[in-house]
Amino acid sequence: MYLSNEQVQIAASILRDTMEVQPLTHARACALASEIIQDDYGFRPRKSLVLLCVKLARLQWEAVKRGTQNHLREINQAT
């Protein structure tokens, strides 16, 4: 079974939200991505789908961190 791009993005966003609360090892992130897909879409995902979700979640998390850093830098420069 396959997921649409939107469904993959949703699963990655859920994983990213977890990464905001606690740091995850690669193995734990993969296990959690697999659980998310199983719970939300009702099938056991292939390894490639799990790895894609983990990669997207990590990219999203890096974007959040960089955006926050830039915002804080702007605030510091304004004061």
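This is a predicted model: local features need pLDDT of at least 70, side-chain atom pairs count only at pLDDT 80 or more; totals for chains, interfaces and linings use all residues.
Residues are numbered from 1 along each chain as its sequence is written, and side-chain values use heavy atoms, with hydrogens and water left out.

Let me begin with the charged side chains. A search of the whole structure gives four salt bridges, a salt bridge being a side-chain nitrogen of Lys or Arg within 4 Å of a carboxyl oxygen of Asp or Glu. Two of them involve arginine 16, which lies in helix H1; helices here are DSSP runs of H or I with at least four residues, numbered from the N terminus. Aspartate 17 is one partner of arginine 16, with the closest N and O atoms 2.9 Å apart, and glutamate 20 is another, with the closest N and O atoms 3.4 Å apart. Glutamate 20 and arginine 16 are separated by about one helical turn, because they stand four residues apart in H1, which covers residues 5–21. As a general point, an α-helix has 3.6 residues a turn, so residues three or four places apart point the same way.

How accessible are these residues? For the terms, buried means under 20% relative accessible area, exposed means over 50%, and partly exposed lies in between, with a 1.4 Å probe and protein chains only. Arginine 16 is buried at 18%, whereas aspartate 17 is partly exposed at 37% and glutamate 20 is partly exposed at 40%. If we leave aside neighbours within four places in sequence, arginine 16 is in contact with Ala57, Gln60, Trp61 and Val64, contact meaning heavy atoms within 4.5 Å.

A further salt bridge joins the side chains of glutamate 62 and lysine 65, at 3.1 Å from N to O. These two residues are three apart in helix H3, residues 47–78, and so about one helical turn separates them. Glutamate 62 is partly exposed, at 33%, and lysine 65 is likewise partly exposed, at 34%.

Now to the cysteines. The count of disulfides is zero, where a disulfide is a pair of cysteine sulfur atoms within 2.5 Å. Cysteine 30 is buried at 17% relative accessibility, and cysteine 53 is buried at 1%.

Finally, H3 itself. With 32 residues at 1.5 Å a residue, H3 should span 46 Å, and its end C-alpha atoms are 47 Å apart, which agrees; the expected span is 1.5 Å times one less than the number of residues. The buried residues of H3 include Leu49, Val50, Cys53 and Val54, and also Leu56, Ala57 and Gln60. Those buried residues pack against H1 and against helix H2, residues 26–41.
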